[in-house]
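The sequence and structure are shown first.

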Amino acid sequence: MHEVTVGIAGAAGDGLDKSGDTLAKTCGRLGLFVYAYNSYQSIIRGGHIWLKVRIGQDKVRSHGDKLNILVALNQDSIERHSREIDNDGAIIFNGDRLKCDPSMVKEGVQILSIPMSQVTADVVKEFGPIQPIMQNTVMIGAVLYLGNFDFSEAASVLTDTFKHKGEKIINLNVGLLKAGYEYAKTHFKAVAGEWKFSRIKRPFTTGNEVIALAAAAAGCKFYSAYPMTPASTILHWMADHAQKVGIVVKQAEDELSVINMAIGAGLAGARSMCATAGGGFALMTEAVGMAGIMECPVVCVEVQRGGPSTGLPTKTEQADLFQVYGASQGEFPRLIVAPRDTADAYGTTVEAFHIADKYQLPALIMSDLLLSEHPETVDKEVFDSNIKIDRGQVVKEWNQDNGKFKRFALTESGVSPRVIPGTANTCFVSATDEHDEESILISDMFTAAPIRRKMMEKRGRKIENMLKDLPAPKLEGPADADVTLLTWGSTWGVVKEAIELLAAKGVKANHLNIKYIFPFHAKEVTEILSKAKKKISVEVNFTSQLARYVRSETGIAMDGHVNRYDGEPMEPAYVVEHVQRILSGKEWNLDVTEEEAREIGYHYLRTHYAEKLRPGKITRGTSKGISEDVWNVELVDRTSGEKQAEMVIGISTGATYSYKSLVPAAAK
Amino acid sequence: MATVVELPVDLFKGPVDPDWCPGCGDFGVLKSVQMAAAANGVTPENLLVVSGIGCSSNLPGFIHAYGIHSLHGRSVAVATGAHLANTDLKVVITGGDGDGYGIGIGHFIHAMRRNLDVTYVVMDNQIYGLTTGQTSPTTTLGHRTKSTPGGNVEIPLNPLALAITCGATYVARGFSGEQKQLADLIAGGIAHKGFALIDVFSPCVTYNKVNTYPWFKERVYKLEDQNWDPTDEKKSLDKSFEWGDKIPLGVLYKADQPTYEDSEPIFKKGALVKQPLGLDKQIFNELIEEMI
Ligand SMILES: Cc1ncc(C[n+]2csc(CCOP(=O)(O)OP(=O)(O)O)c2C)c(N)n1
Ligand code: SF4
């Protein structure tokens with residue numbers, strides 16, 4: 001497969017995402033497939049952020065494990081990422097400000113220092129001085145040449161991006177892009193080979209945007225939210241498009257209000273949705289049960305991020321399964337569904353609205369930061385505009401001769417007829433207390449055991465019936481594989497790719513992705529897993545929550561677990577490494593690696609010594625007086641490269657044992 | 001303006017009889033809500049009564065109308081969603097002081113800031129009734145309750161002052177011992193365009209042995225008997241602090257302000273629940289184009 005991965009690294013505020021967007025959109029319009037991932041921190045300016053844009057001739061399903069071209073926006077980024085660039089790749093930066101020590105790159109990597117003021121001289125002459133952030137556009141121009149992409153398409157992207165700012169700004173930006181492109185053409189060698197540009201234009205979008213679009217298409221009329229990463233971009237899309245799509249969007253005072261508003265809207269008859277992250281969902285849980293007993297349709301999106309508590313606000317995880325599964329006291333049917341990629345998020349959201357209405361219950365969509373926030377190209381056909389909106393059993397009129405309207409009539413399906421308030425002769429109370437068929441409370445005065453039993457059974461019948469509507473999970477890949485990998489949610493795409501890599505290494509693997517967590521297809525899953533030779537779960541959490549859940553539903557335990565819980569998403573090479581390790585019966589070595597020691601060094605310097613030094617040479621050692629092996633990290637001056645200090649970091653614990661300055665105090 | 005056709009109060013008789021303690025103030029409030037709806041010509045199927053949890057919050061079960069008997073403290077949030085989904089319904093929120101001023105205070109404040117067109121009737125018995133007599137946010141200083149055997153040490157909240165300063169545009173106080181006036185106050189709230197708070201002294205005869213009917217009877221007087229002008233915000237705010245030997249009943253404050261709904265252009269096309277669902281083809285295609 002022909003593909004190229006471009007990395008853009010810098011600090012928050014350096015304008016990485018805009019540059020990444022231009023590149024990604026250009027490639028998207030050329031008909032290539034793009035998948036981007038932004039590794040960022042909860043910081044508005046500064047820090048270190050890092051965007052990877054993977055571009056392929058065929059569909060790419062993750063940001064992958066490679067790096068071919070690095071655009072470094074500051075010195076820090078050169079030092080941190082230059083080693084990761086593949087042989088024959090390239091590093092590109094503003095040569096007026098930054099430099100790259102050749103010893104920091106692999107063999108064959110082109111070091112492309114762009115003499116920025118010289119390259120932009122003509123543009124400056126024509127348009128006046130440019131802002132530093134615009135220099136990114138010059139570098140993206142160079143990347144277009146290095147990646148062998150079509151320049152004119154990029155110019156059209158910029159034209160669209162700056163349309164609202166007028167001709168002059170468009171010309172300025174296209175001029176800068178062209179300058180970078182031309183400079184690279186005369187001075188550098190392209191990194192990528194020839195592409196076949198199908199020029200099929202595909203939307204370049206994120207899971208959250210797709211969820212929002214799908215909700216609008218499915219007839220959502222009310223959306224409430226309280227800002228919380230990584231769910232906030234649903235709110236932003238909704239707010240931006242509210243008038244166009246006819247949705248009332250309400251930013252509420254807290255998540256308690258958010259879900260209670262959504263349920264209120266649902267009870268009044270509007271299709272409603274809300275979204276939040278794990279912490280916000282914790283506040284919502286009581287109301288989830290309210291929707292359960294009131295049999296009120298409502299859709300709630302839970303976008304997982306690193307926990308517990310505020311945890312890792314800008315990092316991904318799949319560790320809220322039990323929170324969502326166990327949300328609210330008591331027992332009641334609900335839908336819990338985990339879409340597996342951006343495209344799937346569309347159909348899943350539409351389906352959630354239909355299931356919520358058909359079975360009159362809360363539908364909970366579980367996403368995660370990776371799925372919700374990373375942008376990728378998705379085939380247009382995924383976005384079906386012909387959605388048949390079926391509100392389920394809604395009584396439009398009621399004749400009193402038929403007796404009293406029974407909101408919670410005991411039916412075979414478990415679903416009772418609903419009315420939209422405002423319909424004559426159907427007044428009733430939706431209550432959080434247990435009630436009879438006519439919605440009269442049976443809670444305290446007289447508990448009416450048989451009625452309670454019947455109501456529980458009525459609601460409970462929805463579970464089996466709903467299960468029949470939902471497709472059972474299917475094994476992907478060869479039936480006779482050596483190992484079956486079990487996943488849920490966004491890990492699907494990564495594992496799909498890992499399976500190809502495993503095959504190249506002679507390991508035949510197949511894949512079982514569980515999309516419907518509740519209700520659960522226990523029979524089918526048991527059948528599949530009992531035939532598997534070896535079973536390994538792959539989850540972005542510490543305790544293998546899905547594997548535990550599957551065991552509780554099927555009695556089948558995994559033979560091993562691949563877990564990641566450092567905040568970064570699962571990556572194909574990571575899966576391959578650990579699957580092979582588990583198959584060979586080895587323990588997981590959790591020692592701090594040299595790369596991680598360098599990161600710890602950076603972190604230490606950032607918190608204690610501003611940005612004057614950087615980690616240099618790192619050597620392994622056995623240290624006297626410390627009960628573990630250590631990394632000895634030299635810290636050198638950023639500009640002179642001279643050794644200024646030393647740090648000792650524990651290999652087992654990651655502890656910083658010592659920091660020794662080698663410069664006499666007076667010389668500092 | 002359309003003429004209001006008064007309806008018989010009987011129309012609002014609920015499917016079950018109230019199970020409040022005999023003598024509970026909430027009986028009077030229920031009757032007043034029914035009278036107010038009838039007086040305003042709101043038919044049962046266009047009335048939505050939303051409550052939280054508490055003795056007082058059981059009210060929707062005792063009235064013939066649509067009801068949502070929601071969670072403790074969440075009535076205002078639920079009512080907000082229901083009202084925005086169908087602005088054609090008349091939404092009346094009913095609950096207790098614990099429900100509204102304790103656990104639900106955040107929603108209450110923000111709903112007032114929005115000046116939503118809803119009516120909120122708080123049955124303020126200055127105690128938690130349903131949980132058998134603990135202190136509430138309006139319990140007077142020094143009052144001994146099950147949870148404050150040494151006497152309440154927290155300053156009671158002043159719901160009227162709070163409402164005036166938070167943006168409510170109809171702020172009134174009633175007393176369930178003054179049923180006719182109370183019905184008028186609630187009817188005024190329903191007719192008012194904007195957020196109406198009616199704080200009602202609704203004695204808990206079982207657990208509050210301090211703020212009893214006689215205690216109130218001795219102290220309350222009616223603002224309308226004094227030609228009170230409710231349109232001066234500062235004077236109304238001052239009045240809201242009157243407490244002790246003389247306690248005013250009536251509309252303390254009233255203002256004509258744009259509602260939240262006025263600022264939402266989507267409502268120009270009618271109530272949300274009556275609008276078509278989904279996207280038309282052209283808008284859909286535009287949304288897809290945006291992503292390319
Ligand atoms: C989340 C939650 N916390 C606590 C309760 C228990 N609870 C039920 S009613 C109530 C207080 C009721 O007081 P108030 O709102 O003043 O109503 P009253 O019974 O006095 O009319 C409490 C604390 C509950 N139902 N839910
Ligand atoms: S306990 Fe108090 S508030 Fe509750 S019903 Fe009895 S008198 Fe009314």
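The sections below treat the basis of the values, the interface, the ligands, and selected features of chain A.

## Basis of the values

The model is predicted: local features require pLDDT of at least 70, side-chain atom pairs count only at pLDDT 80 or more, and totals for chains, interfaces and linings use all residues. Residues are numbered from 1 along each chain as its sequence is written, chains are lettered from A and ligands numbered from 1 in the order in which they are written, and side-chain values use heavy atoms, with hydrogens and water left out.

## Interface between chains A and B

In the interface, 66 residues of chain A are in contact with 54 residues of chain B, where contact means heavy atoms within 4.5 Å. The size of an interface is often given as the accessible area lost when the parts come together. Here chains A and B bury about 4,900 Å² between them, with 68% of that area on carbon and sulfur atoms; buried area is the accessible area (1.4 Å probe) that two parts lose on being put together, summed over both. Within chain A, the residues that lose the most area to chain B are A:Lys244, A:Glu253 and A:Cys427, which together account for 13% of what that side buries.

Three salt bridges are counted between the two chains, a salt bridge being a side-chain nitrogen of Lys or Arg within 4 Å of a carboxyl oxygen of Asp or Glu. A:Glu253 forms a salt bridge with B:Arg114, and their closest N and O atoms are 2.6 Å apart. Helix H9 (residues 255–268) of chain A supplies eight residues, the largest share of the side of chain A that touches chain B; helices (H or I, at least four residues) and strands (E, at least two) are DSSP runs, numbered from the N terminus. That side of chain A has 36 nonpolar, 16 polar and 14 charged residues. In this scheme Ala, Val, Leu, Ile, Met, Phe, Trp, Tyr, Cys and Pro count as nonpolar, Asp, Glu, Lys and Arg as charged, and the others, Gly among them, as polar.

Strand S17 (residues 429–431) of chain A pairs in the parallel sense with strand S2 (residues 66–69) of chain B over three bridges; pairing requires that DSSP find at least two bridges between the strands. A:Ser430 stands opposite B:Ile68 in S2(B).

## Ligand surroundings

Oxygen atoms of ligand 1 lie 2.8 Å from a backbone N or O atom of B:Cys55 and 3.1 Å from a polar side-chain atom of B:Asp97.

B:Cys55 is also one of the residues around ligand 2, which include B:Trp20, B:Cys21, B:Cys24 and B:Cys204. The shell around ligand 2 divides into seven nonpolar, two polar and no charged residues.

## Selected features of chain A

A:Glu79 forms a salt bridge with A:Arg638, the closest N and O atoms being 3.2 Å apart. This pair links distant parts of the chain, 559 residues apart.

The peptide bond from A:Gly307 to A:Pro308 is cis, with omega near 0°. A:Ser309 has a phi near 55°, a positive value in a residue other than glycine, and lies in the loop between S11 and H11 of chain A.

Conventions
A residue is near a molecule or strand if one of its heavy atoms lies within 4 Å of it. A polar contact is a pair of N or O atoms within 3.5 Å; within protein, one must be able to donate a hydrogen and the other to accept it, and residues adjacent in sequence count only if both atoms are side-chain atoms.
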